[in-house]
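Subject: Structure handover

Hello,

Here is the structure you will be working with. Please open it alongside this email and follow along.

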Amino acid sequence: MGSFFTFKNILGVARRNEVKIFRAPLNYSISNKVTFDSLDECYIKTKELCESKRLPPNINIKGVFACNQLDLSEIKVYGFDYDYTLACYKPAMGYILYNLGRDVLINKFKYPAGIMDLEYNPTFAVRGLHYDIEKGLLMKLDSFLQIELGSVYKGLTKVQESDVLHLYKSRKVPLKYIEYHHNRNIVPKMTQLADMFSVPEMSLLCNIAEYFEQNDIHYHPEILFQDVKNSVGQSHTKMHNLVANDTATFLEKNPTFEEFFKRLIGAGKQLFLITNSPYKFVHKGMNLLVGDKWEEYFDVIIVEARKPRFFTDESCPLRIYDKQSHTNLWKKVNSLHKGNIYYQGTINKLLELTGWRGPEVLYFGDHPYSDLADVTLEHGWRTGAIIDDLTHEIETLNTEQFKRTCNWLQMLTQLIEDQQNSDLPNAAVHLMQWQQECERLSSLRFSK
Ligand SMILES: [Mg+2]
């Protein structure tokens with residue numbers, strides 16, 4: 001059996017524990033090769049054949065999935081993001097961001113003290129969802145910007161499909177709702193929560209919206225969104241300090257890093273790190289992950305890089321970060337030296353000072369836009385996406401129930417196509433029933 005799942009749609013599945021079949025390619029049919037006396041018989045035989053089919057093999061949960069050909073011998077430089085790329089955080093990270101953001105809302109923005117009782121639910125949302133800032137709705141859009149019905153929530157309450165269609169007039173959301181256009185001062189009506197740190201933010205946002213709805217407290221969805229965003233954003237400095245002082249509680253250890261970096265260097269590759277996080281925070285984490293000599297593995301280290309603007313801005317000075325005074329030096333940087341820590345800058349400056357060419361760089365990151373899209377489109381870098389969310393998806397794809405349902409949906413779809421002009425008795429009734437069964441199977445959600 002061929003590939004049965006479109007990975008394009010994986011980011012932003014409506015709820016963490018649910019995987020849905022998006023499409024079934026057609027590649028198998030018996031009903032146009034064998035003559036049947038009735039469509040009932042045709043259906044039964046097709047079902048029997050389906051049940052006798054061997055299920056596809058499991059997908060490797062630790063697999064590397066290539067979207068394009070890549071000759072690693074042509075890669076001379078390996079680059080890495082830090083947060084959620086090298087540094088994989090334990091669930092404790094989500095809780096601390098949620099709690100800190102909630103504290104800011106109460107203590108600084110004077111939100112009702114009752115929200116202190118609202119706890120973080122790490123399974124409520126996944127990254128990739130869109131939030132309608134005007135209407136205060138969280139939802140999944142597919143890659144064609146169509147609303148995934150059944151995934152729309154106001155607070156913690158699911159919005160009925162008929163209400164969604166009434167509000168938006170159609171399932172299709174206009175592109176201008178979502179993207180920045182020429183005037184970057186215009187905030188789009190919908191924003192995508194694509195950052196791993198946005199998962200606790202979404203939980204906080206929806207918990208408070210639900211609290212307001214349940215307690216008849218009038219609120220403005222856009223102001224609530226901005227307040228939650230600002231409160232979680234303002235908590236990052238405090239989070240950095242808490243995590244830096246207790247890295248083992250928050251960071252997953254990875255004993256393979258040292259060997260991996262040594263192997264790359266042994267093969268003559270250059271290594272660099274570009275992170276938005278501050279040096280002290282990264283230093284503590286890398287000490288735990290790679291050891292106290294971690295800086296020696298990297299030819300260039302840039303902290304507080306301001307991605308995605310590091311990749312898109314025309315100019316921003318690159319400075320040396322002074323580890324003793326914890327500030328940046330004002331001296332102009334005309335060349336890069338291993339052992340220095342650099343601060344801010346732009347990709348153009350990095351390429352100018354290193355001489356690296358786009359296609360010889362392979363950069364790993366977890367953020368589909370900030371880390372990956374711009375450098376590929378604008379600079380021709382090769383990119384590797386670290387998508388931890390796929391672990392759950394692949395585990396679900398590997399379940400027998402998911403495979404059997406996909407097989408049957410695929411064959412039933414083909415059966416409808418083969419018999420759509422059938423002259424057999426009650427063909428129209430059968431075709432309608434099969435179509436309804438297809439729709440039911442397509443709307444099923446699976447979990448491991
Ligand atoms: Mg990251």
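Below is what was found, going from the whole chain to single residues.

Please keep in mind that this is a predicted model.

The whole chain

The protein chain has 448 residues, and 32% of them are buried. Its C-alpha trace spans about 85 × 60 × 45 Å along the principal axes. The secondary structure consists of 15 helices and 15 strands. Of the contacts with a separation of 6 or more, 72% are between residues 24 or more positions apart.

The chain is divided into domain 1 (7-58 + 398-446), domain 2 (72-88 + 251-388) and domain 3 (92-235). Taken over C-alpha atoms, the centres of domain 2 and domain 3 are 31 Å apart.

A helix pair

Two packed helices are described by the angle between their axes and the distance between the axes. Helix α1 (residues 39-52) packs against helix α14 (residues 400-419) at an angle of about 150°, and the axes are 10 Å apart. Angles over 145 degrees count as roughly antiparallel, so α1 is roughly antiparallel to α14. The crossing of α1 and α14 is right-handed. On the α1 side the contact is made by Leu39, Cys42, Tyr43, Thr46 and Cys50, and on the α14 side by Asn407, Trp408, Met411, Leu415 and Gln419. Sorted by class, this contact of α1 with α14 has 7 nonpolar residues, 3 polar ones and no charged ones.

Leu424 and Leu39 are 385 residues apart along the chain, yet their C-alpha atoms are separated by 6.8 Å. Apart from neighbours within four places in sequence, Leu424 is in contact with Ser38 and Leu39. Leu424 is partly exposed, because 14 other C-beta atoms lie within 10 Å.

Backbone exceptions

Most residues other than glycine have a negative phi, and most peptide bonds are trans. Which peptide bond is cis, with omega near 5°? The bond from Lys307 to Pro308 is, and Pro308 lies in the loop between β9 (300-303) and α10 (309-312).

Tyr84 is not a glycine but has a positive phi of about 65°. Tyr84 sits in the loop between β2 (77-80) and α2 (92-107). Tyr84 has 20 other C-beta atoms within 10 Å, so it is buried.

Gln344, also not a glycine, has a positive phi of about 60°. Gln344 belongs to strand β12 (residues 341-344). Gln344 counts as partly exposed because it has 19 C-beta neighbours inside 10 Å, and a residue needs 20 or more to be buried.

Regards

Key
Residues numbered from 1 in each chain as written. Predicted model: local features only at pLDDT ≥ 70, side-chain atom pairs only at ≥ 80, totals over all residues. Axes fitted to C-alpha atoms, helices over the stretch in contact; angles between N-to-C directions. Helix = DSSP H or I, 4+ residues; strand = E, 2+ residues; numbered from the N terminus. Parallel < 35°, antiparallel > 145°, perpendicular 65-115°, else oblique. Left-handed = near helix turned anticlockwise from the far one by under 90°. Contact = placed C-beta atoms within 7 Å. Nonpolar A, V, L, I, M, F, W, Y, C, P; charged D, E, K, R; others polar. Domains from an automatic or database assignment. Buried ≥ 20, exposed ≤ 12 C-beta atoms within 10 Å, placed from the backbone.
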